[in-house]
Amino acid sequence: VSSIEWSADGTMLAAVTHSGNVLIYLAEIPKLISVCGNKIAILSSLTEVIVHLYTLDKDKPEPQIIHTIIEPSILAIGPQHVAVALNNRALFWNLSAGQSDRSIHFERDYLSTVESIRLNETYASVLFDGRIQLHTIKTDPALIKDGKDSKIFSDSGSTEGKITCHALSSDFLVYGTDMGKIVNFYLEVFNHSTELSHTTGIKQIFLDDNGTIMCFFDEKQNAYVYDPVNESTTQ
């Protein structure tokens, strides 16, 4: 070995040999964790996700192991599914399937690099390039017939701004933009229900289980609680 060098974040070590070979060693895997209810998904190796079910019982259930095939940069867990993504490709697994069926997955490609994924029982909300694609996780003929299987927010002509964050409950998709807009999209009727105009851009959104109360952080790192039913905001 003629020289060695650490990466800036300390996760990789590169070594150059006297013969001219460059060897790169991974010292630390990315920290990817996602939580939904009492389910906790953790990236345990470059291509493996472990799903723990948290209970108060002394006898803990065996964790579920998902072999991700790709080396993901995005991890998300929902009530029934796990999703991982790398670049513009996402893979989904059904957690309710038996161990023998858990090797079966389904994939989806998007128009740009995936930045984050949110899941509920039926839908996936995928953020990329300032837009969201909302789609059913698995094909549902009834939703296709009703035109409720897929939708993209927001289009190029929108005045809402670039979407920066999103959250998904069983009934609502909520997203925030760099122009300070927070939009509630009601999944049952597949249309906007309420909209909030904030003074500055939105950075993060968190929903309660019902999607009726939300907490959001703006660009100034101020936190607010928003009640869309009464249209009230508290800092």
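Here are some notes on this structure, which is a predicted model, for anyone meeting it for the first time.

1. Start with the overall layout. The protein chain splits into domain 1 (1–29), domain 2 (31–142) and domain 3 (156–234). If you take centres over C-alpha atoms, domain 1 and domain 2 sit 32 Å apart.

2. Next, the aromatic rings. A pair of aromatic rings is described by the distance of the centres and the angle of the planes. The count here comes to 9 aromatic pairs. One of them joins Phe92 and Phe106, with 5.7 Å from centre to centre and 10 degrees between the planes, and this pair is stacked. Its two partners come from distant parts of the chain: Phe92 belongs to strand β10 (residues 89–94) and Phe106 to strand β11 (residues 106–109), 14 residues apart.

3. Phe106 has a relative accessible area of 22%, and the limit for buried is under 20%, so Phe106 is partly exposed.

4. A second pair worth a look is Phe216 with Tyr224. The ring centres are 5.2 Å apart and the planes meet at 15 degrees; planes under 30 degrees apart count as stacked, so this pair gets that label. Phe216 is buried, and Tyr224 is buried too.

5. Aromatic residues also group together. Which residues make up the aromatic cluster? Tyr123, Phe153, Tyr175, Phe185 and Phe190 form one cluster. Phe153 has a charged neighbour as well: Lys151 lies over the face of the Phe153 ring, at 5.6 Å from the ring centre.

6. Now the surface. Met12, Val22, Ile24, Leu26 and Leu46 make a nonpolar surface patch of about 440 Å². Which strand gives the largest share of the patch? That is strand β3 (residues 22–26), which supplies 3 residues. Leu26 lies in this strand. Its relative accessibility is 42%, so Leu26 counts as partly exposed.

7. Two backbone spots deserve a click. Most residues other than glycine have a negative phi, and most peptide bonds are trans. Ile69, though, has a phi near 70 degrees, a positive value in a residue other than glycine. You'll find Ile69 in the loop between β7 (64–67) and β8 (74–77). Why does Ile69 count as exposed? Its relative accessibility is 51%, and exposed means over 50%, so Ile69 falls in that class.

8. The other spot is Gln221, where phi is near 65 degrees, again a positive value in a residue other than glycine. Gln221 lies in the loop between β21 (214–218) and β22 (223–227). At 54% relative accessibility, Gln221 counts as exposed.

9. Last, a residue for getting your bearings. Gln204 is part of strand β20 (residues 202–207). With a relative accessibility of 40%, Gln204 counts as partly exposed. How far is Gln204 from Lys148 in sequence and in space? The two are 56 residues apart in sequence, and 26 Å apart in space, C-alpha to C-alpha.

Technical notes: Residues numbered from 1 in each chain as written. Predicted model: local features only at pLDDT ≥ 70, side-chain atom pairs only at ≥ 80, totals over all residues. Heavy atoms only, no water. Phe/Tyr/Trp six-rings, centres within 6.5 Å; stacked < 30°, edge-to-face > 60°. Helix = DSSP H or I, 4+ residues; strand = E, 2+ residues; numbered from the N terminus. Buried < 20%, exposed > 50% of the residue type's maximum accessible area, 1.4 Å probe, protein only. Lys NZ or Arg CZ within 6 Å of the ring centre and 35° of its normal. Domains from an automatic or database assignment. Patch = residues over 30% accessible without salt bridge, like charges linked within 9 Å, V, L, I, M, F, W, Y side chains within 5 Å. Areas by Shrake-Rupley, 256 points an atom, 1.4 Å probe, with all protein chains shown as cover. Salt bridge = Lys/Arg side-chain N within 4 Å of Asp/Glu carboxyl O.
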